[in-house]
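Hello,

Here is the structure you asked to see. Please look it over first; my notes come after it.

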Amino acid sequence: MTTAPALPVAVPMLCAAFLAAVRKWLPRFFIDLVAVLAALFNLVLCLWLLHVSWSKSIVYWFGNWFPRGHMVVGIGFVIDPMGATLAVVAAFLTLLGLIYSSNSMESGKNHYQPLMLIFLAAMTGFCFTADLFNLFVFFELMSTAAFALCGLKTEEPSPLQGAFNFAVTNTVGAFFTLTGIGILYGATGALNMAQMGMLLGSRHDSLALTACLFIITGFLIKAAVFPFHFWLPDAHSVAPTPVCVLFSGLMVELGLFAILRVTSVIFGSSFAGAHDPLRSSFLVLGGTTAVWGGMMSFAEHHLKRVLAFSTISHSGLMLFAMGVGTPKAIAGWLIYVCGHAAVKSGLFFTAGILLHRLRTMSEPALFARGKGLKFTAVLWFLGGCGLAALPPFATSIGEDMVSQAKHGSLELACTAFFLVSGILTGGAVFRVFMRVFCGWGDRGPSDRAAQVDELPEMNEEHRTIPFRIFAPAAACVLAGIGLTFLPDLDSMLLDAAKRVLDRAGYIATVYAAPQNAGMAVGHHGLKIGTMIAHGIIAVACAWLLASWAVFHRSIPRRLRWPSHMEGSMRWVRQLQSGQPADYVAWAMAGVAALGGALFLMK
Amino acid sequence: MLAFHLIPYAVAAWLFLCGLYGIVTSGHLVHTVISLVVLQTSTYVLLLAVGFRWGAVAPVFADISPGVVTVDPVVQALMLTDVVVEATVVALLLAMVVKVHEKAGTLSPDDLRMMRG
């Protein structure tokens, strides 16, 4: 027990170092086995840590450097249920990714398995750490592993370009975060988040605001929120499938988790009050991102880019939920993150099956070629339903909890954004389903981005789909449904959310002070009827939108306008210029706007 | 004197803006990476400025008594970590640039148009 909290970070790192050192002399099977076992170990251990943390958050001080009085002298991990849940998701997705790619992606030429394990260790540490600088270090470790994984296929220039754009944009974000941390250290003299929060108190002068702005800018870039999101589609369209799964499934959401942690623990009292500028900004940014990402998702014709923009859209919904900010909304956020991770990973794995069998990711090139792949078609269709939040997918519970979190106009706005995002992203997935798996309509328009093709991850042509490739996709879709049926799900989620938002409780945990125990958790009454109605409306509208695009030739000319959303939004798509300079410029515009909003509403 | 101790912060802000300007206006991949390095140096200056104390000595307690005022050793450790982290990133980026040059034969992002749209 004593050292258990450090193991989920230490074990994958040690395994990664071992594999990187002796990789050349080991048989391929053994490398895969060590990597899979390390991920499996993490999954089991994190599940156990999650179980322990329900009753009491786990605090672990490296080298037993306990706090002296109010002074935190060591570096600590604080494992609360939300952090542990996200660590479980990280281990689960990494495990599936490693199983998917076992025996493929020629191991002699790259460091795939060690990089995946480092990525896993960094994500786990990111979820657990209680130290702000440590958070930055894990953030950078995660990013660096991600850059390398993204540009793994160095035989072609396009993965390199995608990885370069990703790396430059995210590194600029990391420097913003580091500058913010430096300012905050100068103001408080502390690095532990609890101590910083305590020393900062309710201070909200220019210095605290600037620090807050700089810190969350880095995380907003990671979370791919409009206008910080331009790097994400480039990175996703070239990364290997299991890497896309980790990017979309968790890495993006971890940016939001860090914002949640930092704003609640450090700036919790600074921004408390009736008109919280941070939350209002999150509502605006989140809503814009949800609609923008959805529209772009429908406009794309490269399967991985469609899914990448849908991730942006859903990340916007999650930010919107954080803007609502009540415990119920955060509980909905958590289950939405988990459900979205399962569904989106399932879709990416299914896209990987298509790449494996048909060797391209371009929608026009795939036209009607998926007709024989019955099970793959089912998985793809179910994934689309999951994105549109159809019950019993766990995403529908998230939508219901967030919508019910506050009454009044916010409830309406929330329902509207969830519906629009679900219809657009689900519609894009259904459109691909109709064209690729059913062969309906025509090939549809093509564009330059759709022609970015990656080399398939296997060398020789395959006529079958091996079990190790099909199983992860099926497991993800099943997990997306299975999460819904966990017993006591609503009260567990509410408990986790309340503990993340409970600033005093977090500080008391770090200092091992007595807490007012027995926080009333309560239950959330799911409105099952509304959920089903919303889900069916979203799926039906998405299906309608997709058929509109697919059958646009048989529709009277006057009624064709909804199908123009597919591909012809030229001026919008030109913003996605493929140049890191433009992406950073957009992010700076976002910083200026967010900063202006924070200072004006101070 | 008041303005004098603000100079390091002004330098940090200046470097930060220079780096950003370099990245935003860059038309060459190596230039982008070097601008990123300039941006990164601003964090070194900022961290060291935060921990600096006028008239203090280096925080090596081998030959000074524990009561002596020293500069903050924590920020120096942070800066060192920062150097290590960013050296990795820059090395990785430059390796990518070398590969891009090998495969595409150009270093201008204008000529790499695979990602448009």
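This is a predicted model: local features need pLDDT of at least 70, side-chain atom pairs count only at pLDDT 80 or more; totals for chains, interfaces and linings use all residues.

Domains. Chain A is assigned two domains: domain 1 covers 153–242 + 256–273 + 571–602, and domain 2 covers 280–447 + 532–568. Their C-alpha centres are 25 Å apart. Where they touch, domain 1 of chain A supplies 18 residues and domain 2 of chain A supplies 24 residues. On the domain 1 side, the elements giving two or more residues are α9 (231–238), α10 (241–265) and α23 (580–600) of chain A. That side is made up of 13 nonpolar residues, four polar and one charged.

Chain contact. Chain A puts 41 residues into the contact with chain B, and chain B puts in 36 residues. On the chain A side, α5 (132–150), α6 (157–188) and α23 each give two or more residues. The most comes from α6(A), with 17 residues. By type, the chain A side has 21 nonpolar, 14 polar and six charged residues. Note that α23 of chain A is listed both for the side facing domain 2 and for the side facing chain B.

Helix pair. In chain A, α16 (residues 394–404) packs against α17 (residues 409–438) with the axes 8 Å apart and an angle of about 155°. Angles over 145 degrees count as roughly antiparallel, so α16(A) and α17(A) are roughly antiparallel to each other. From α16(A), A:E399, A:V402 and A:S403 meet A:E411, A:C414, A:T415 and A:F418 of α17(A). These contact residues comprise three nonpolar, two polar and two charged.

Regards

Key: Residues are numbered from 1 along each chain as its sequence is written. Chains are lettered from A and ligands numbered from 1 in the order in which they are written. Domain bounds come from an automatic or database domain assignment. Two residues are in contact if their C-beta atoms, placed from the backbone, lie within 7 Å. Helices (H or I, at least four residues) and strands (E, at least two) are DSSP runs, numbered from the N terminus. Ala, Val, Leu, Ile, Met, Phe, Trp, Tyr, Cys and Pro count as nonpolar, Asp, Glu, Lys and Arg as charged, and the others, Gly among them, as polar. Axes are lines fitted to C-alpha atoms, for helices over the stretch in contact, and angles run from 0 to 180 degrees between N-to-C directions. Angles under 35 degrees count as roughly parallel, over 145 as roughly antiparallel, 65 to 115 as roughly perpendicular and the rest as oblique.
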